[in-house]
Amino acid sequence: MNGHAPAAPIRWPAEAIWEAVAPVLPGFTVEVLPSVDSTNTELMRRARAGLAEPTLLVAELQTAGRGRLGRPWRGAVGDALMFSLGMPLAPADWSGLSLAVGVSVAESLQPAVHPGAARIGLKWPNDLWLDGDRKLGGILVETASLVAPGGDVPAATRYVVAGIGINVQPPQADGMNTPPGSLQDVEPGLDAPAALLRIAAPLIAMLQNFEAYGFAPVQARFHQRDVLSGRAVVLTDGTTGTAHGVGEDGALLVHTAHGMQAVTSSEVSVRPAGQPLPR
């Protein structure tokens, strides 16, 4: 016996989330797993097996969580909020979806602010940052083709999975020049279940609005939290320039030596005052 009391079980607001969402999203379910390799991977597996119901899947522990470009995302129980939302979607244009997801999450955690005063910012294309230079969380959006008996699913419909990981407690910052941010830095006492309750219903509404109207109506809201705007950036192909916000399609606009360039697929890193990008 080590004398330590066992950790209290986490009380997830599954019922409250379901009650808020079910009337506007038929078939919606909320599921909490004590452990899974990755919530995104699990929902993608299900979709490819023909299980494409709208699902909010929460993991208390991820053993193989993934970030952008396959980077690992790990978190101890209660130290991070890790979940994926999967639902069928058929927008006319998929461009800017991860940005729209980021806007929704940031606004849920830190509501409307004066321009330039947002502590929770967005780093194109899929990161949540705190105070302009500390990574708070990440977003990974994936899609899978839908397979349905009888072909009764519209051809344009895909199963979209929006995976989100957010530091709730300050993570270890060994070897990092800039320590990552956490929700405790934003609002002391805010835990993973409370954060999920704030995020879930507005995120589903954002995806439904994106399906109908695309990214353009969200562009100005992204601009309020754009941490790259006006900063020197370097693309993975070595191109350097200054970020100038995003277009109506969510492409990052970078002013380079060859003029303005719209970036849609290259990963972007920032060079604030000569320091490396926080991972």
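This is a predicted model: local features need pLDDT of at least 70, side-chain atom pairs count only at pLDDT 80 or more; totals for chains, interfaces and linings use all residues.
Residues are numbered from 1 along each chain as its sequence is written, and side-chain values use heavy atoms, with hydrogens and water left out.

Let me start with the whole protein. Its secondary structure comes to six helices and 14 strands, where helices (H or I, at least four residues) and strands (E, at least two) are DSSP runs numbered from the N terminus. The protein has 279 residues, of which 47% count as buried, and buried here means under 20% relative accessible area, with exposed being over 50% and partly exposed in between (1.4 Å probe, protein chains only). If we take the contacts with a separation of 6 or more, 66% of them are between residues 24 or more positions apart, a contact being heavy atoms within 4.5 Å.

Now to the sheet. Seven strands form an open sheet in the order S1-S2-S5-S9-S8-S7-S6, and the pairing is mixed; two strands pair if DSSP finds at least two bridges between them. Strand S1 (29–33) and strand S6 (120–123) stand at the edges with a single partner strand each, so one side of each is left without a neighbour in the sheet. From one strand to the next, the twist averages 20°, and angles of this kind run from 0 to 180 degrees between N-to-C directions, with axes being lines fitted to C-alpha atoms, for helices over the stretch in contact. S1 and strand S2 (residues 55–59) run parallel and are joined by five bridges, and within that pair Glu 31 has Leu 57 in S2 as its bridge partner.

Which strands does helix H2 lie across? Helix H2 (residues 39–48) lies across S1, S2, strand S5 (80–89), strand S8 (134–145) and strand S9 (158–167), and runs at about 140° to S2. Helix H5, for its part, lies across S2, S5 and S9, running at about 25° to S5.

Thr 39 belongs to helix H2, and this residue counts as buried because its relative accessibility is 2%. Leaving aside residues up to four places away in sequence, Thr 39 touches several residues, among them Leu 57, Val 58 and Ala 59, as well as Met 82 and Phe 83.

H5 also packs against another helix. Helix H3 (residues 97–109) and helix H5 (residues 192–213) pack at an angle of about 145°, with their axes 8 Å apart. The residues of this contact divide into 13 nonpolar, two polar and one charged, where Ala, Val, Leu, Ile, Met, Phe, Trp, Tyr, Cys and Pro count as nonpolar, Asp, Glu, Lys and Arg as charged, and the others, Gly among them, as polar.

Strand S10 (residues 232–235) and strand S11 (residues 240–246) pair in the antiparallel sense over three bridges, and Val 233 stands opposite Gly 241 in S11. Between S10 and S11 there are four residues, and in this hairpin Gly 238 takes a positive phi near 95°. S11 is in turn joined to strand S12 (residues 252–256) by four bridges, and the two run antiparallel. The hairpin of S11 and S12 has five residues between the strands, and there Gly 250 takes a positive phi near 85°.
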